[in-house]
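Colleague: Could you show me how to read a helix and then a pocket in a model like this?

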Amino acid sequence: MAAFIDGVKLFFDDEVSVPMNEEIIAARAVMNAVYENGAKFGKGKPTCRLYYVTTGKWTNEPFLAEKINARVRELESTNLFANVTHTPWGADELHTAYQRSKNNVTAEFIFDNKVVLPEINGVSQAYLGVLPVSQFLSIITDDSDGIRKALFYDNIRDFQDYNDVNKDIQETLANKEAHQRFAVLNNGVTIVARELDAVGNKFTMTDYQIVNGCQTSHVIYDERAKLGDGIFVPVKIIVTEDEDLTSAVIRATNRQTEVTAEDLYALSAFQKKLEDLYASYPPKKRLYYERRLRQYNSAEIEKVRVITKQQQIRAFAAMFLDDPHRASRYYADLKALVPERIFNETHKPDPYYISAYGYYKLEFFFRNGSLPSIYKPARYHILMAFRYICGGPDMPALSANKMESYCNKIATRLWDDKAVLNDFSKAIEAVDAAANGAPITRDSVKTQSFTDAVKRELGVKSTK
């Protein structure tokens with residue numbers, strides 16, 4: 001990093017004695033031409049923004065941070081810049097930028113009826129007003145007249161189909177006498193954008209998300225052929241690059257309707273990484289992580305391949321936290337482990353996919369009769385036992401790089417039907433032995449003592 005900033009300083013020096021390639025020579029010529037016209041700088045000196053990009057993780061180590069700060073101060077002392085910023089980008093920042101590039105859209109619309117909100121810390125622009133339905137549709141539809149699904153990526157829930165609330169919206173839109181009331185009957189739509197250019201009432205908005213109003217947007221889209229410009233949609237537009245502020249806006253605006261703790265999990269960066277990991281596998285190995293409630297309802301996929309947040313929590317806790325008894329009956333206890341021990345931002349996402357795939361495969365064998373259904377109450381103990389049988393007792397830390405290879409070893413077994421069925425059968429033998437002839441019921445498997453008994457049968461010492 002220090003060498004990188006030294007190179008930047010060298011680039012801006014008046015005289016450079018070190019060899020330079022043609023690209024650097026050309027870039028310096030542009031830079032010199034810019035500064036030769038410095039008298040024409042209408043808004044002061046340029047800003048120097050430095051980005052150091054790697055797939056690692058920036059931990060703000062004090063020694064390295066001070067080295068960087070010292071180099072930044074040297075650049076500032078040249079008096080060439082209004083200010084100098086240095087931003088380290090690691091894997092998480094790259095992932096966020098990649099997602100933004102996939103969801104990046106631009107829309108143009110006329111926003112006549114609006115007010116400018118007062119200055120807000122962290123917000124470059126903010127507007128509140130109403131849009132004619134035709135202008136609102138230009139925001140949510142693409143060139144093929146399809147709804148822009150990517151706009152709802154940061155929404156905590158997908159379209160919930162025509163539940164009672166959405167039926168009410170539909171009925172209001174269908175009632176011509178109620179059209180004029182729509183703007184006061186509906187809570188409206190909140191849009192967060194990273195860029196917005198306004199020339200009079202003509203707005204050009206780039207890289208934006210509808211963070212509240214997914215339901216309203218989908219109903220309006222479905223009813224669009226019947227709607228005229230007598231209908232106005234309440235809209236709030238916030239322009240910011242502050243991710244923390246964006247999350248706060250999402251949480252605040254979605255408090256108008258009932259929101260569960262699981263709904264709010266969808267906002268975290270870890271959840272988005274997990275969703276992408278699921279999607280990265282080829283079709284035969286792919287599961288679909290339901291980060292946002294009902295996001296796959298309209299998709300033509302096997303519903304058994306959709307893993308809800310509740311299923312994910314149970315499977316992960318059973319397989320990787322040795323908590324199968326709580327996964328069976330005490331889900332509320334498991335939720336209390338978020339985000340310290342479950343969905344922790346430092347965790348590798350791989351064990352989450354592996355535990356979910358193990359759950360999916362086990363249920364598959366129960367359904368087709370390959371495994372006796374009498375063992376269903378002990379499904380989470382079977383998952384725990386399977387992990388020990390397959391991966392061994394020495395599990396790396398959930399945040400360690402070694403966790404990836406540990407999970408790959410287990411995945412190889414999971415993707416081999418014959419091998420995984422054999423491993424599940426061995427796991428059932430351990431469960432049977434732990435039961436010691438007693439029936440396997442939901443009540444009999446819900447204790448720590450039963451979990452310890454299964455581990456003893458596997459030759460594993462309990463650490464609880």
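Colleague: How many residues does helix H3 have, and how far does H3 reach?

Modeller: Helices here are DSSP runs (H or I, at least four residues), strands likewise (E, at least two), numbered from the N terminus. The expected span of a helix is 1.5 Å times one less than its number of residues. H3 (residues 62-76) has 15 residues and reaches 21 Å from first C-alpha to last, close to the 21 Å expected. This is a predicted model: local features need pLDDT of at least 70, side-chain atom pairs count only at pLDDT 80 or more, and totals for chains, interfaces and linings use all residues. Residues are numbered from 1 along each chain as its sequence is written, and side-chain values use heavy atoms, leaving out hydrogens and water.

Colleague: Which residues of H3 are buried?

Modeller: Buried means under 20% relative accessible area, exposed over 50% and partly exposed in between (1.4 Å probe, protein chains only). In H3, Ala65, Ile68, Arg71, Val72 and Leu75 are buried. Seen down the axis, they fall within an arc of 125° (from the directions of the C-beta atoms), so they line one face of H3. Pro62 and Phe63, on the other side, are exposed.

Colleague: And which residues lie nearest the centre of the largest pocket?

Modeller: On a 1 Å grid over the protein atoms alone, a pocket is an open set of points where a 1.4 Å probe fits, with protein on both sides within 12 Å along at least five of seven lines; lining residues have an atom within 4 Å of a point. Here 31 residues line the largest pocket, with Thr96, Arg100, Arg194, Glu241 and Glu243 nearest its centre. Helix H4 gives the largest share of the lining, eight residues.
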